[in-house]
Amino acid sequence: LQTLPPAQLAHKYFELFPDQKDPLWQNPCDDKRHRDIWSKEKTCDRLPKFLVIGPQKTGTTALCLFLIMHPSILSNSPSPKSFEEVQYMDFFPVPSNVTTDFLFEKSANYFHSEEAPKRAASLVPKAKIITILIDPSDRAYSWYQHQRSHEDPAALKFSFYEVISAGPNAPWELRTLQKRCLVPGWYASHIERWLVYFPPFQLLIIDGQQLRTAPAMVMDEVQKFLGVSPHYNYSEALTFDSHKGFWCQLLEEGKTKCLGKSKGRKYPPMDSDSRAFLSGYYRDHNVELSKLLHRLGQPLPSWLRQELQKVR
Ligand code: A3P
């Protein structure tokens, strides 16, 4: 039997199994041997029961605001490093009642991540997955406006049309911004990747337009999907704030709690050239999405029906 010193042995091991360089974490509590030696101080119930995976700019923060209004739903604590999002299933509060509380994590970048579905399925295979879709063209525009208000130099330098229509020889910073702006909108491809690792019944696809205009109805659907109790009456708990122009949480004495200025920003409508360009750009992706929703037995959101009716 031959062996090597530890460091060389490790090199050899990763030469033989290169795909294991990137560790895939599983839940230690799933293994009885681990459970037996698990510290009494630690709970096995700190991993999320569901994930809100994005994509960015579809209403994920509004959904979270509404979710945490529910008495049995708890979210991850905000991370100082990644602003509101954890970006890795960490920083979870100790649930007050481990058997009934629904912990969740929202990270809007998981949606289009190559790695996230596999990692999530390894750590929390039973977790439910929630995604929100709006017209990918509107999502791209909202994302561009978001980058501008965060003073991204490329977003400030180039117009929206220049970003979305940049060709292969465009400067690197423009191409990078373009990719980040457009790729999350390839909805069908990203959802298919989640479906490799999670069965369809664990996935909820929310129509972001409905979440925006009729949130109480959507929240009923979400509660049913999660199987959370008690049933929370969102029709009474939410109110349309005409000043904000969005639905908000109704507080005592008729006051409201809305999302901050960075959600529901004021910016000019998208120009018609960009709209036409993006309709063409996303057409095949939208056709694929309609086939996917059909296969899953889900209704088509109205924006998707409208896009499919447009002639090439
Ligand atoms: P805009 O700021 O471009 O209008 P996310 O939280 O995923 O980044 O999404 C932000 C988007 O959520 C906002 O984009 C806004 O249109 C939408 N939204 C939906 N419901 C909302 C609500 N009740 N309050 C604020 N924004 C809401």
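Start with the shell around the ligand: its residues divide into six nonpolar, six polar and four charged. Here Ala, Val, Leu, Ile, Met, Phe, Trp, Tyr, Cys and Pro count as nonpolar, Asp, Glu, Lys and Arg as charged, and the others, Gly among them, as polar. This is a predicted model, in which local features need pLDDT of at least 70, side-chain atom pairs count only at pLDDT 80 or more, and totals for chains, interfaces and linings use all residues. Residues are numbered from 1 along each chain as its sequence is written, and side-chain values use heavy atoms, without hydrogens and water.

Next, select Ser142. An N or O atom in the side chain of Ser142 is 2.7 Å from an oxygen atom of the ligand. For Arg212, the side-chain N or O atom is 3.2 Å from a ligand oxygen. Then pick Lys263, where a polar side-chain atom lies 3.0 Å from an oxygen atom of the ligand. The protein covers 95% of the 570 Å² of accessible area (Shrake-Rupley method, 1.4 Å probe) that the ligand has on its own.

Now select helix H3 (60-69), a DSSP run of H or I with at least four residues. H3 gives four residues to the shell, the largest share.

Leu63 is among the residues with the most contacts inside the largest nonpolar core, which has 27 residues. Such a core is a set of buried (under 20% relative accessible area, 1.4 Å probe, protein chains only) Ala, Val, Leu, Ile, Met, Phe, Trp, Tyr and Cys residues joined through side-chain atoms within 4.5 Å. H3 supplies seven residues of this core, the largest share.

Key:
Polar contact = N/O pair within 3.5 Å; in protein donor to acceptor, adjacent residues only side chain to side chain. Helix = DSSP H or I, 4+ residues; strand = E, 2+ residues; numbered from the N terminus. Buried < 20%, exposed > 50% of the residue type's maximum accessible area, 1.4 Å probe, protein only.
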